[in-house]
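This briefing is intended for reading alongside the sequence and the three-dimensional view. The topics are grouped by region.

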Amino acid sequence: MIDNLLMHHFLKAVPRGSILILAGDVNQLPSVGAGNVLKDIIGSGVIPVVELNEIFRQAMGSLIITNAHRINRGEFPRIPDSKEEKLQDFYFIQKETPEEVLATILDLVTNRIPSRFKINPLDGIQVLTPMHRGVIGAENLNKVLQEALNKSQTELPRGGRVYKLGDKVMQIKNDYDKELFNGDIGRITRIDLEEQEMTVEFDGRPVKYDFSDLNELVLAYAVSVHKSQGSEYPVVVMPIHISHYMLLQRNLIYTGVTRARKLVIIVGTKKALSIGIRNNKIQKRFTGLNGRLKG
């Protein structure tokens with residue numbers, strides 16, 4: 001995730017004589033900012049590298065781990081038989097149209113996962129999607145899931161969005177005064193129309209927002225896979241459909257799957273999933289770092 005500029009400032013702050021150990025995964029989506037730092041460092045061949053590719057004993061029964069490795073190798077994931085009574089941690093549900101995908105995700109989040117796996121839909125389930133637009137893009141998924149999961153009548157329309165008391169929201173800008181960073185997720189605990197303030201709780205810490213600062217917040221019932229980088233969730237539900245064609249890539253699917261700790265459910269078509277897994281054409285970044293390290 002780290003880009004060239006941030007890595008530059010980080011290295012300047014590391015004292016001479018220190019030992020620096022970097023841990024990361026070059027198979028995930030690259031940083032939003034310029035550069036491809038970890039891939040360039042590894043590709044230069046001048047830094048000692050250890051690749052961890054063994055599935056340890058405690059994870060050998062996990063289809064999340066197994067299928068993450070399969071996807072990374074360009075292989076189709078192993079899908080458990082729907083007739084199996086034993087609970088698994090990786091499922092695929094075939095649905096042909098975006099509308100069917102949307103209806104299935106709504107049923108999974110509001111009914112099937114909470115009842116079968118005893119997981120709170122707001123705190124434990126995160127919907128990840130490749131795109132923002134469309135029937136199963138982040139914007140529409142947020143609207144539908146907000147209506148289903150939040151019945152609060154305390155609302156605040158703002159900037160084309162409607163915020164409700166109890167909503168799950170994401171900070172989308174680094175704000176050092178608030179000590180909040182892009183991707184932090186919280187819950188709205190107070191909307192004060194007189195004071196023109198909203199309070200959002202992040203990991204037990206209340207943070208106040210002036211109504212003029214609400215462009216820093218978006219609904220987070222569903223977020224893009226790109227926004228999920230660096231985060232992890234108990235359960236990930238992810239639509240993968242041919243309507244996402246422009247963004248169907250192996251590293252995107254791999255990144256989405258590896259955000260989950262306990263359960264992954266992909267809803268869509270096997271054709272779209274197969275297209276994404278086979279597409280390993282990552283846009284080349286001309287950073288120069290690899291060559292400079294070699295030189």
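Helix 3 is followed by G74, a residue whose phi is positive, near 85 degrees. The model discussed here is predicted.

**Helix 3 and its surroundings**

- Helix 3 spans residues 63–72, and its buried residues are L63, I64, N67, A68 and I71.
- Viewed down the axis of helix 3, these buried residues fall within an arc of 130 degrees, so they line one face of the helix.
- The cover over the buried residues of helix 3 includes strand 1 (90–94) and helix 8 (250–257). Strand 12 (260–268) and helix 9 (270–278) are also included in that cover.
- At the N-terminal end, helix 3 is capped by S62, which places a side-chain oxygen 3.3 Å from the backbone nitrogen of I64.

**Nonpolar cores**

- The largest nonpolar core contains 38 residues. Within this core, I113, M198, L217 and V237 have the most contacts.
- Helix 4 (residues 98–117) supplies the largest share of this core, namely six residues.
- Apart from this core lies another, of 29 residues, which includes V236, L248, A272 and I277.
- When neighbours within four places in sequence are left aside, the contacts of V237 are I105, L108, I113, I125, Q126, V127, L128, I265 and V267. One of these contacts, I113, is itself among the residues with the most contacts inside the largest core.

- Strand 3 (residues 155–158) pairs with strand 4 (residues 161–164) in the antiparallel sense, over four bridges.
- E155 has K164, in strand 4, as its bridge partner.
- Two residues lie between the strands of this hairpin, in which G159 adopts a positive phi near 55 degrees.

**Q171 in strand 5**

- Q171 belongs to strand 5, which covers residues 168–171.
- Q171 counts as buried because its relative accessibility is 0%, and the cut-off for buried is under 20%.
- A polar contact of 3.0 Å links the side chain of Q171 to the side chain of E216.
- Not counting residues up to four places away in sequence, Q171 touches L180, F181, N182, G183, D184, Y209, E216 and L217.

**Aromatic pair**

- One aromatic pair is found in a search of the whole structure. The pair is formed by Y176 and F181 in an edge-to-face arrangement, with 5.6 Å from centre to centre and 75 degrees between the planes.
- Y176 has a relative accessible area of 61% and is therefore exposed, the cut-off for exposed being over 50%.
- F181 counts as partly exposed, at 37% relative accessibility.

**M7 in helix 1**

- M7 lies in helix 1, which comprises residues 4–13.
- The relative accessible area of M7 is 7%, so M7 is buried.
- Leaving aside neighbours within four places in sequence, M7 is in contact with I2, L22, V37 and I41.
- M7 and L38 are 31 residues apart along the chain, and their C-alpha atoms are separated by 9.9 Å.

Technical notes:
Residues numbered from 1 in each chain as written. Predicted model: local features only at pLDDT ≥ 70, side-chain atom pairs only at ≥ 80, totals over all residues. Heavy atoms only, no water. Buried < 20%, exposed > 50% of the residue type's maximum accessible area, 1.4 Å probe, protein only. Polar contact = N/O pair within 3.5 Å; in protein donor to acceptor, adjacent residues only side chain to side chain. Contact = heavy atoms within 4.5 Å. Phe/Tyr/Trp six-rings, centres within 6.5 Å; stacked < 30°, edge-to-face > 60°. Arc of directions from axis to C-beta. Core = buried A, V, L, I, M, F, W, Y, C linked by side-chain atoms within 4.5 Å. Pairing = 2+ DSSP bridges.
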